[in-house]
Amino acid sequence: MTTITDRSALQRVIAVINGKGGVFKTTLVANIGGLLASNGQRVLVVDLDPQGNLAEDFGYRDDDRNDEGARLANALFSGSHAEPVREVRPGLDVFVGGDKLAGAAAGIGRNGSTSTDVQDALARILAPIAGDYDVILIDCPPGEESLQMAAAGAARWVLVPIKSDAASRRGLEAVAGRMELVRGQVAGVAGTNPDIDLLGVVLVDTTTSATTVQREARLRVDGAGDSATNMMFTATIRHSEATAQAARERGVLVHELEKVAAEQPKWFEVMKGEAAATSFAPRSSTSVADDFQAVTEELIGRLIDREAAAAQQAVTA
Ligand SMILES: Nc1ncnc2c1ncn2[C@@H]1O[C@H](COP(=O)(O)OP(=O)(O)O)[C@@H](O)[C@H]1O
Ligand SMILES: [Mg+2]
C-alpha cells in the first residue's frame, strides 16, 4: 500500500495515549469531544480500543450503533473507506471501537508493529474525511502495540493523561519513545509521521490536598519533555468516583450530567410529593464538569499557539 504523503488534512488529529490503563484516556476523549461539539466544533472521535469503553461514555453500548469495532477493524485491515456513526451528539461523529479491533490489530501488525503499513493504517482512513472536522480525537488502547502505532502514525498531536504515580509517568516515557519511532528518529525504523508532537500532559485524578504531589509530578514531567517547559497542563481533572460512575451508568457526559443534577428534584420537593424521586446525580459533577471545561479550553489554546508558531516558522524558513 502507498504511504500517506499528504498529511495536510491531519493537522488537527489528537491522540490521547498512555500505555497505562485507568488514566482517564477514554473519559477525556469523550468529554473533551463532547464539550467541543457543544461549542459548535465539528468533532470526530475514534475509538481504537478493543474494550470499546467510549460506548459507555456516549451511551451507545446497547444499541445498533455499536458494531464492536467491526467497520473500523475492516477498514484498518483492508485499507477500505469507512464511515463513522453520525451525530452521536450534535456535531460529533464516532468511529466505534470494540472487540473486533483485536483481530485487526493482529492483522495489520503481521509485518511487525512498527512497519509503515501499521503506522499508516489509521491515517489512510482519516485523510479523506478529516477535512470535514475541526478536531479529531483518538482514544488509544493501553496495550495492542500495533493499534497504538496506528494512532501515533495518524496524529499530529499527542495528549498524555497521567496520574501522579510512577507507573503512569513511565507510561509517558513509553509514549515519547513511540513518537520517536514514527518520526523516524530510531535507527532501523522508517517513520511516516515526522511532525508528530506532544501537545501536553494532563494530570488526572487529583485531590485538592495533594498539591505537593502535583508540584513534584509537574517538575518531573517538565524536566522529561523535549521542549523544556510547560508540558504539563495547568488544568487538572479531579478525583470523583461518584461523578464518573453516575455518568457512565447513564451514558451521559459529565457536562450533561451536570444538567441532570441541576434539574433533579430537590429532596423537599420529593417529600412534599411535588416531584418523583429519581436516581441520584451527584452535585460534585458540577466541579468535574468545570475541570473538563478548563482542560478543553487549555487544549484549544495550546493548539492555536502551536499552530501559530508553526506558521511563523514556515514563513521564516
Ligand atoms: N474524575 C474521576 N474520578 C474518579 N474516577 C474517574 C474519573 N473519571 C473517570 N473515572 C473512572 O476511572 C476509570 C478509568 O477511566 P478511563 O477513562 O476508562 O481510563 P482509560 O481509558 O485510561 O483506561 C473508569 O472506571 C472511569 O469511570
Ligand atoms: Mg480507555
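A residue is termed buried if 20 or more other C-beta atoms, placed from the backbone, lie within 10 Å of its own, exposed if 12 or fewer do so, and partly exposed in between. The structure is a predicted model, in which local features require pLDDT of at least 70 and side-chain atom pairs count only at pLDDT 80 or more, whereas totals for chains, interfaces and linings use all residues. Residues are numbered from 1 along each chain as its sequence is written, and chains are lettered from A and ligands numbered from 1 in the order in which they are written.

The chain contains 12 helices and eight strands, assigned as DSSP runs (H or I of at least four residues for helices, E of at least two for strands) and numbered from the N terminus. Of its 317 residues, 46% are buried. Among contacts in the chain with a separation of 6 or more, 78% join residues 24 or more positions apart; a contact requires C-beta atoms, placed from the backbone, within 7 Å.

Ligand 1 is surrounded by 17 residues, of which Gly21, Lys25, Thr26, Thr27 and Ala244 are the closest; the criterion is a C-beta atom, placed from the backbone, within 6 Å of the molecule. Two or more residues of this shell come from each of helix H1 (25-38) and helix H9 (241-250). H9 makes the greatest contribution, with four residues. By class, the shell comprises five nonpolar, eight polar and four charged residues, where Ala, Val, Leu, Ile, Met, Phe, Trp, Tyr, Cys and Pro count as nonpolar, Asp, Glu, Lys and Arg as charged, and the others, Gly among them, as polar. In H9, the buried residues include Thr243, Ala244, Ala246 and Ala247. Glycine 251, with a positive phi near 65 degrees, follows H9.

H1 is mostly covered, with 13 of its 14 residues buried. From first to last C-alpha, H1 reaches 20 Å, close to the 20 Å expected at 1.5 Å a residue, the expected span being 1.5 Å times one less than the number of residues. After H1 comes glycine 40, whose phi is positive, near 90 degrees.

The axes of H1 and helix H12 (residues 285-316) approach within 9 Å and cross at roughly 75 degrees. H1 is therefore roughly perpendicular to H12, a term that covers angles of 65 to 115 degrees. At this contact, Asn31, Ile32, Leu35 and Leu36 of H1 meet Phe292, Gln293, Val295, Thr296 and Leu299 of H12. Six of the residues in the contact are nonpolar, three are polar and none is charged.

Notes
Axes are lines fitted to C-alpha atoms, for helices over the stretch in contact, and angles run from 0 to 180 degrees between N-to-C directions. Angles under 35 degrees count as roughly parallel, over 145 as roughly antiparallel, 65 to 115 as roughly perpendicular and the rest as oblique. Two residues are in contact if their C-beta atoms, placed from the backbone, lie within 7 Å.
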